[in-house]
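Visitor: I have a structure open and would like to learn how to read it. Could we go through it feature by feature?

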Amino acid sequence: MGRIAKFFVWVLMVLLFLCAVLGGALYLMYRMAAPEPSQVTASFAGAELKSPSVTWTTPVLGDLFERTDETQGGVMQLGTIGTAVPELAVTGADVVSAEAFLDGQSVASVSGSGVLTLPANGTYTLRVTAQVTPKRANGPHGTYVFEAEFTLKAVPQITVEPASALQGDVVVVRVEGILDGSVPTIETELSPAYFVPTDTGYEALLGVHYNKSGGEWPVTVTCGDTTGTLAVTVSGASFEKVTETLSDAMKQSAAGSAAALKAFNDAMYGVYGIHDGELYFDGQWKWPVATGVATVPYGAFVTDGATGEESRHTGIDLSVSINTPVTAPAAGRVVYAGWLDRTGGTVVIEHGAGIKSYLFHLAEVTCSVNDMVAQGTQVGVSGIAGYTEKPHVHFEVRVGNQSVDPAKLVNGSSAAVK
Ligand SMILES: [Zn+2]
């Protein structure tokens, strides 16, 4: 071998050595380019999701190379959860999507953190994908996939509002989150009550009559396999004292007779039990006479100026000049429209779930039974009819046979109109 050849071999050897050193250094740097520490966390139905599968890409030597690490995660067992609307919360990720599978079928999904609405009880698989996007060109980025299995045994939610009620209030009982199609039933001695469907489940109204004693009144609701007993705590309200005097002529008239009272009672007992299967009204009620002035309020102790006898007032007297239009205080179905000696022109409107308005002493009735009326639809004309000597409309509201304070429905304070 000539000198020149030996020189080239030497140069080649040096180059190879340098390449090996450089390569080794590069490899070492590549190995040392540690993936970023785990920064994505996820929780579902209050439990932290663990052992995600992670794919994480890190740049090496500036942006010359990139290194991708993959960690295989596991399927976490979450056991049984009790809510059909579990919440997913993910932190540290830029793009999040989640999907729930029931018997292999995708049945619920959510983008970002939020609530999954699960349609039925059963065994679910959950898959949450959380992406961390590069913050600069070729920056570190990756994907976390959390997988879990759980069993949904959702129990219907039963609530009463208000749980602390005053005499004269309407209490709303709600059952929500029913997944098995069950229709709830209710038992309480507080009031007749009938469930009607709503957007989120079922609702029943309870009337707290002015004579209901203070204390706890149990309300038992059964829905499918679930039975829950809640308490409505009733407190006494304060009621006014009023003196009213009717002439002897009125007391001795047909309107004041026992026969008139019996005919009235028979007619009203006939409508107390009516309960339509839907709520016709939505929101605040209106006074049935726009210009009426409340004289005798709900629940008032009314003393007969002549005899001293005391009675209670089941509605509100709205003093109003005769021939004033009388209108439906809320949407509903007319269930009584006629003349009674005791109450003159008489209109009863069912507003759904057994809550009704009663309008007495009208000079004229301008609606018929089974008319569907909107709020504000004229149903009659005011007067001085029946057992009264003052121009007024008696406005009463009952749930079943239990009277409540109409003012709370009109002023919007009642839970029934919120
Ligand atoms: Zn009255």
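Visitor: How far apart are the C-alpha centres of domain 1 and domain 2?

Guide: This is a predicted model. In it, the C-alpha centres of domain 1 and domain 2 are separated by 40 Å. The division of the protein chain puts domain 1 at 41-152, domain 2 at 157-235 and domain 3 at 241-412.

Visitor: How many helices and strands does the protein chain have?

Guide: The protein chain has 4 helices and 32 strands. Of its contacts between residues at least 6 apart in sequence, 67% join residues at least 24 apart.

Visitor: How do I read a hairpin, with β3 and β4 as the case?

Guide: Look at the pairing, then at the turn. Strand β3 (residues 53-60) pairs with strand β4 (residues 65-71) in the antiparallel sense, over 7 bridges. One of the bridge partners to look for is Asp69 in β4, which belongs to Trp56. Between the two strands of the hairpin there are 4 residues, and Leu61 in the turn has a positive phi of about 50 degrees.

Visitor: And a sheet: in what order do the strands β20, β22 and β23 run?

Guide: The order is β20-β22-β23, in an open sheet of 3 strands with mixed pairing. An edge strand pairs on one side only, and here the edges are β20 (241-244) and β23 (310-312). On average, neighbouring strands of this sheet are turned by 30 degrees against each other, direction ignored. The pairing of β20 with β22 (residues 301-304) is in the parallel sense, over 4 bridges. Across that pair, Lys241 has Phe301 of β22 opposite.

Visitor: Which residues have the most contacts inside the largest nonpolar core?

Guide: They are Val173, Leu205, Leu206 and Val347, in a core of 62 residues. Strand β28 (residues 355-365) gives the most to this core, contributing 6 residues. Domain 2 (157-235) and domain 3 (241-412) each supply at least three residues to this core. Apart from it there is another core of 26 residues, including Leu49, Ala84, Tyr124 and Val128.

Visitor: What is Leu205 in contact with, leaving aside neighbours within four places in sequence?

Guide: Leu205 is in contact with Val170, Val172, Ala193, Ala353, Gly354, Ile355, Val399 and Ala416.

Visitor: How far apart are Pro119 and Thr185 in sequence and in space?

Guide: Pro119 and Thr185 are 66 residues apart in sequence, and their C-alpha atoms are 22 Å apart in space.

Technical notes. Residues numbered from 1 in each chain as written. Predicted model: local features only at pLDDT ≥ 70, side-chain atom pairs only at ≥ 80, totals over all residues. Domains from an automatic or database assignment. Pairing = 2+ DSSP bridges. Axes fitted to C-alpha atoms, helices over the stretch in contact; angles between N-to-C directions. Core = buried A, V, L, I, M, F, W, Y, C linked by C-beta atoms within 7 Å. Buried ≥ 20, exposed ≤ 12 C-beta atoms within 10 Å, placed from the backbone. Contact = placed C-beta atoms within 7 Å.
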